[in-house]
Amino acid sequence: MKIAVIGAGNMGGALIKGWAKSGLTTDLIITAQTKKTLDRFAQDYPDITTMLDNVAAVAEADIVVLAVKPWLVQQVIAQIQHILKDKLLISVAAGIRHERIDVYAMPNIAAELGESMTFIEEAEKAETASELFEKVGQCRIVPQHLMPAGMMMAGCGIAYVMRFIRAMMEGGIEMGFYPDDAKQISMQTMRGAVAFLQKTKLHPEAAIDKVTTPGGITIKGLNELDHAAFNSAVIRCLKAGLK
Ligand SMILES: NC(=O)c1ccc[n+]([C@@H]2O[C@H](COP(=O)([O-])OP(=O)(O)OC[C@H]3O[C@@H](n4cnc5c(N)ncnc54)[C@H](OP(=O)(O)O)[C@@H]3O)[C@@H](O)[C@H]2O)c1
């Protein structure tokens with residue numbers, strides 16, 4: 001099964017690296033606008049086929065993954081439409097719809113590490129697309145009305161989580177740690193929180209109770225977050241992109 005990735009940028013590149021990591025290198029044909037982008041992949045992944053010609057790439061593929069900027073989707077589909085025939089066309093472009101697209105997918109850049117949280121819109125060929133995206137992380141097939149929420153929680157959400165890590169780092173630096181140490185401490189603490197919730201299956205608040213001594217210091221920090229409307233800020237952040 002040959003996969004053409006049209007647009008080897010941040011998102012396309014993460015998918016390419018993730019699929020390569022899962023062993024699909026010889027199945028990948030990738031394109032970009034400039035040779036410079038393709039050369040970087042050719043150097044790191046000599047088994048991947050690189051091309052500047054979208055039509056030639058699509059001609060060789062069974063599945064086409066469109067990963068260009070949203071405003072280029074229409075133009076690229078017009079360019080490749082005559083050669084698409086019954087090939088599966090998947091788009092990861094945010095918020096752009098086109099009658100020829102078979103499946104809308106919303107991965108995030110952790111695909112590069114096999115850790116994406118990908119949303120796929122319900123469609124006839126959604127299962128086939130899901131099998132592909134499961135190679136780069138977890139995947140959920142959802143109805144169309146949940147795709148924007150999925151995009152905000154995972155596609156964009158990864159940036160919000162990174163912003164939380166930055167905030168924690170800045171607090172750590174103010175209290176005396178060097179930036180690299182503050183980053184490592186923040187990331188390991190977050191990793192620990194995720195692992196704890198995964199293992200115990202506890203609701204976050206039940207897990208928080210295990211860390212919180214009555215009259216102690218954890219509750220002081222938690223209440224400061226509440227006074228600063230932390231929950232509300234996160235909820236508003238997630239809903240901001242739905243407007
Ligand atoms: N970034 C994310 O985290 C993320 C998450 C989910 C979905 N998405 C979606 O992914 C899409 C790409 O976003 P991005 O952040 O990856 O953008 P990007 O980094 O700018 O990548 C776009 C890529 O498209 C290539 N390109 C431009 N015109 C082309 C053409 N005519 N034919 C073939 N390739 C062409 C560019 O080539 P050059 O490198 O040679 O210029 C570049 O590699 C967007 O539609 C976005 O909504 C992104």
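**View 1. How much of the chain is buried.** In this predicted model, 37% of the protein's 243 residues count as buried, meaning under 20% relative accessible area, with exposed set at over 50% and partly exposed in between (1.4 Å probe, protein chains only). The accessible surface comes to about 14600 Å² (Shrake-Rupley, 1.4 Å probe), and carbon and sulfur atoms own 56% of that surface.

**View 2. The overall fold.** You'll find 11 helices and eight strands here, taken as DSSP runs numbered from the N terminus (helices H or I, at least four residues; strands E, at least two). Along the principal axes, the C-alpha atoms fill a box of roughly 70 × 40 × 30 Å. Take the contacts (heavy atoms within 4.5 Å) between residues at least 6 apart in sequence: 50% of them join residues at least 24 apart.

**View 3. Zooming in on Phe230.** This phenylalanine sits in helix α11. Phe230 is partly exposed, at 31% relative accessible area.

**Notes.** Residues count from 1 along each chain as its sequence is written. Local features need pLDDT of at least 70 and side-chain atom pairs 80 or more, while totals for chains, interfaces and linings use all residues, and side-chain values use heavy atoms, leaving out hydrogens and water.
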